[in-house]
Amino acid sequence: MEHPLPERIGNPELFVGREKEFQLLDKWIKNIPKRLSKSRAILGRRKSGKTAIVQRIFNRLWSENAQVIPFYYNIPERKMWFPDFATEYYCVFASQYISFLERDSALVTKRLSLEEIHDYAVQNSLQLMVSDIKELKKFREQTSHDLMWNIAYTAPHRFAGIYDQRILVMLDELQNIAAYIYRDKDFKVLDDSLVGSYHEYSESKIAPMLVTGSYVGWLKNLINQYLEAGRLKLYHISPYLTEEEGLLSVYKYAELYDEPITNDTAIQINRLCYSDPFFISCVIQSDYENKTLITQNGVVDTVYNEITNKGSEMMNTWGEYIEHTLKRVNDLNAKKILLYLTKNSDTEFTPRQLKEDLQLDITENEIHEKLQIMVKSDVIEEGSSDIRYSGLKDGTINLILRNRFEEEIKGFQPDLKQDFHQEIERLKKEKKILQGKINQLVGKFAEYELATEFR
């Protein structure tokens, strides 16, 4: 398989597992030529693997050169003026479309200009593309920016319809349209209704959409408001791999980054990192000055550093979510609620139960308001009814929150290192069961190394 689109994960060999997700998506993609696939949204926190999945899908479809033409666009986290966004969007689509037709992998990353696209279209008798470029330029001169955007976002559907093709539209971080695209040059006027542009085309069967979102509550609200419930089938992705996939990830990262480990410490790293490939990568690549991953103490100390060091990538990633929440609910009661829900994520709680359990000195309505803010900030989830809430089933955020808030709430600092050692002791008791998995995995990893040598 070729990789014309550089994958954010880096070395393609670092992509491990996700068999369950690809089993679902492969079946969905196979139905696109038959016009049976409904648009989907992959939802999950940052560093949960969404981008890795859609970028791998792009590269697979491009390499197969079959019935589905891939279009991938990552909606940037930078301020953009509306007409510039429309132009960039169209140019990325046209460049990737031409790349697929011409089998020119360079055009996936080398975005053609409007003039270059026009010249190609004239030479290859793509009249639709010629007309699009002409209208984009005309509407820009007339400051008809909505008409420019109409040309851009409808392009995949129009090309698929006129040329009897199937195009998969993959938009990474769809919610960014509502946060970074400005109507004015001075970047003062946002318009979150731009998400509604896809209202009609999200139902397309000739150019279905596969979108992603890291701020789940925010994106779901946008979808419900502007696309109507049901137009995009929602799929929540877990950041965690299976235990076996996680172990393989540990081995691959260690090998590619030339980091010494043992079979025992590989198991320990995988368990303490919850088989989370991002967490594993942070530990393997840690800049901790005393890092050593060939002893139990070394593993515990390195994992602890990634959880507690404010400069670590792990802390910075979750810091965005937590700070986003604290800007709106920065008080001790909110922190108590957040930590309590996170530590008891298997149970749903009502405001009344939280008030009683935590002995909060605020009303149930005030608790409910704080809970709603936390849901919108993606640090807790709504439960089975309108008044029930639960913490994220995410061991990583539990560690981050305990480190940040437990001392303030309980008056003493959590001993995370002791907790890690206790978890490893539980692992040792499971050693006989795990040894079979390790033996199997070592064999698989040997096959991987052999395949790499052959390549």
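The legends below describe close-up views of one predicted model. Residues are numbered from 1 along each chain as its sequence is written, and side-chain values use heavy atoms, with hydrogens and water left out. Because the model is predicted, local features need pLDDT of at least 70 and side-chain atom pairs count only at pLDDT 80 or more, while totals for chains, interfaces and linings use all residues.

View 1. Rolling a probe the size of a water molecule over the atoms shows where empty space is left. A cavity is a set of points, on a 1 Å grid over the protein atoms alone, where a 1.4 Å probe fits but cannot get out. Grid points are joined across faces, edges and corners, and a volume is the space filled by probe spheres set on the points. The count is one cavity of 30 Å³ or more, and the largest cavity holds about 70 Å³ of space. Its lining (residues with an atom within 4 Å of a point) includes Tyr 89, Tyr 153, His 157, Ser 204 and Met 209. Helix 7 (residues 145–162) gives the most to this lining, with three residues; helices are DSSP runs (H or I) of at least four residues, and strands are runs (E) of at least two, numbered from the N terminus. Eight lining residues are nonpolar, two are polar and none is charged. Here Ala, Val, Leu, Ile, Met, Phe, Trp, Tyr, Cys and Pro count as nonpolar, Asp, Glu, Lys and Arg as charged, and the others, Gly among them, as polar.

**View 2. Ser 37 in its loop.** Ser 37 is found in the loop between helix 1 (19–30) and strand 1 (40–43). Ser 37 counts as buried because its relative accessibility is 1%; buried means under 20% relative accessible area, exposed over 50%, and partly exposed in between (1.4 Å probe, protein chains only). The side chain of Ser 37 reaches the backbone oxygen of Trp 28 at 2.4 Å.

**View 3. Two aromatic pairs.** A pair of aromatic rings is described by the distance of the centres and the angle of the planes. The structure holds 23 aromatic pairs (rings of Phe, Tyr and the six-membered ring of Trp, with centres within 6.5 Å; stacked under 30 degrees, edge-to-face over 60, the rest tilted). Phe 159 and Tyr 163 form a tilted pair, at 5.8 Å centre to centre and 50° between the planes. Phe 159 is buried at 0%, whereas Tyr 163 is partly exposed at 27%. The planes of Tyr 253 and Tyr 257 stand at 10°, with centres 6.1 Å apart, so this pair is stacked.

How values were computed. On a 1 Å grid over the protein atoms alone, a cavity is a set of points where a 1.4 Å probe fits but cannot get out, and a pocket is an open set with protein on both sides within 12 Å along at least five of seven lines; lining residues have an atom within 4 Å of a point. A polar contact is a pair of N or O atoms within 3.5 Å; within protein, one must be able to donate a hydrogen and the other to accept it, and residues adjacent in sequence count only if both atoms are side-chain atoms.
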